[in-house]
Amino acid sequence: MAGRKLQAPRGTFDVLPDDGAARRELYRRAGSVLGRYGYRPFETPVFEDTDLFARGVGESTDIVRKEMFTFEDRGGRSLTLRPEGTAGVCRAYVEHGMHKLPQPVKVWYWGPFFRHERAQAGRYRQFSQVGTEALGSDDPTLDAESILLLAELLEAAGVREVRLRLASLGGIEARAAYLDRLRGFLREREGELSEDVRDRIDSNPLRAFDADHPGTRAAMEGAPRLLDHLAPDDAEHFAEVRALLDGAGLSYDVDPTLVRGLDYYTRTVFEFESARLGAQSGVGGGGRYDGLVEQLGGPATPGVGWAAGIERILLAGDGKLGGFPAPVYVALAGGDRRAAFALATALREAGVRTELEQAGRSLKGQLKHADRLGAKAVAIVGEEIEWKDMATGEQRPVNNVAEAVRIAVGLDA
Ligand code: AMP
């Protein structure tokens, strides 16, 4: 019975085969870069207790207030599709007593995340992130290493025109004192601020720096800056992170207006943007979250990490990821299907990427198709096997399957 035409839900997308190859290649390169920095793969569930995100990400954030996919299971428990990765990793760190392992514990993840956002190019409701977390040390080399690692990954993925914004949000106490000053500043200018910012003067005044609203932006020009109010040890930590990045030759802009959309950050925060992306220019970002594990009921444990969007990396990339080696095409010219199948199998077993005629085309159609697939050679199975080199156009008979395999393997070498 014909029914309504089905479509993927709003804000989701299908990964079509060309994109699938690029994603696989990105995954491979990410694993290689991350492994070199000593990060090990880690997976947490796609859904968690809602409470984890409310406590971990922060009740006042956009993510928790407006963007979570939350549902009840059949037992009436509230569950949420994960909107970000750090809270789950911290939950697992505590649950598995990973503070007893040698510190820092360095892990990376890759997978789907969910936010109920207004869908547009580069902004989806199901998207994928690759990310890292390093837990159990506040050493500034971990901050610098995280940043360098993401820079290297973006480079390896062909992302260009990248800008790195860097700031420090300081420690919890100095930040609390600063936030009081900022609240005072905002209250004096309530009339100029957007409703959204006004509503959050108490709960999340930092978000005022992030506003698009013109009045708010103008008012914020004169706002006190957190970077000017860091406690001495936080200022020293930030100076050390910068010195390490300078030493590594990585350029960045210190941006006192950088605030990230999650509440748990302390000290270092950073964001990579690419001019190749439109309005959604953030490719990846992160920072230090020294209070988060404790907030989730674990022992006091510093941590630092980042997440980058797979789809944005691919959008900002040079489109050269993925692809497979050129295949050998096995064509049928009135020959025996079983012989052609056996030849294709022998080639594949020898490690040669092989395509086989499987749609009943004429020989002319098959050669055209082989060309379209970028085949480097066509083995034409008729009475005998003919070998056609697609680069030179030269065609010659081969004696048997073994010889065809030898030639094909030779082309790959
Ligand atoms: P965030 O944790 O919000 O800083 O997100 C980290 C990265 O994930 C961003 O820089 C984006 O590359 C990606 N990202 C976040 N939200 C979305 C979304 N709704 N759609 C696509 N990518 C996203």
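In helix α9, the residues Asp234, His237, Phe238, Val241 and Leu245 are buried (under 20% relative accessible area with a 1.4 Å probe and protein chains only; exposed is over 50%, partly exposed in between). Seen down the axis of α9, these buried residues fall within an arc of 95 degrees, so they line one face of the helix; the arc is taken from the directions from the helix axis to the C-beta atoms. Pro232, Glu236 and Gly247 are exposed on the other side of α9.

This is a predicted model, in which local features need pLDDT of at least 70 and side-chain atom pairs count only at pLDDT 80 or more, while totals for chains, interfaces and linings use all residues. Residues are numbered from 1 along each chain as its sequence is written, and side-chain values use heavy atoms, with hydrogens and water left out.

The buried residues of α9 pack against α5 (140–156), β7 (162–168), β8 (253–254), β9 (266–274) and β10 (282–288). Helices (H or I, at least four residues) and strands (E, at least two) are DSSP runs, numbered from the N terminus. After α9 comes glycine 249, with a positive phi near 75 degrees.

The largest nonpolar core has 48 residues, and Leu182, Leu186, Phe209 and Met220 have the most contacts inside it. Such a core is a set of buried Ala, Val, Leu, Ile, Met, Phe, Trp, Tyr and Cys residues joined through side-chain atoms within 4.5 Å. Apart from this core lies another, of 40 residues, among them Leu142, Tyr252, Phe272 and Leu321.

Conventions:
Contact means heavy atoms within 4.5 Å.
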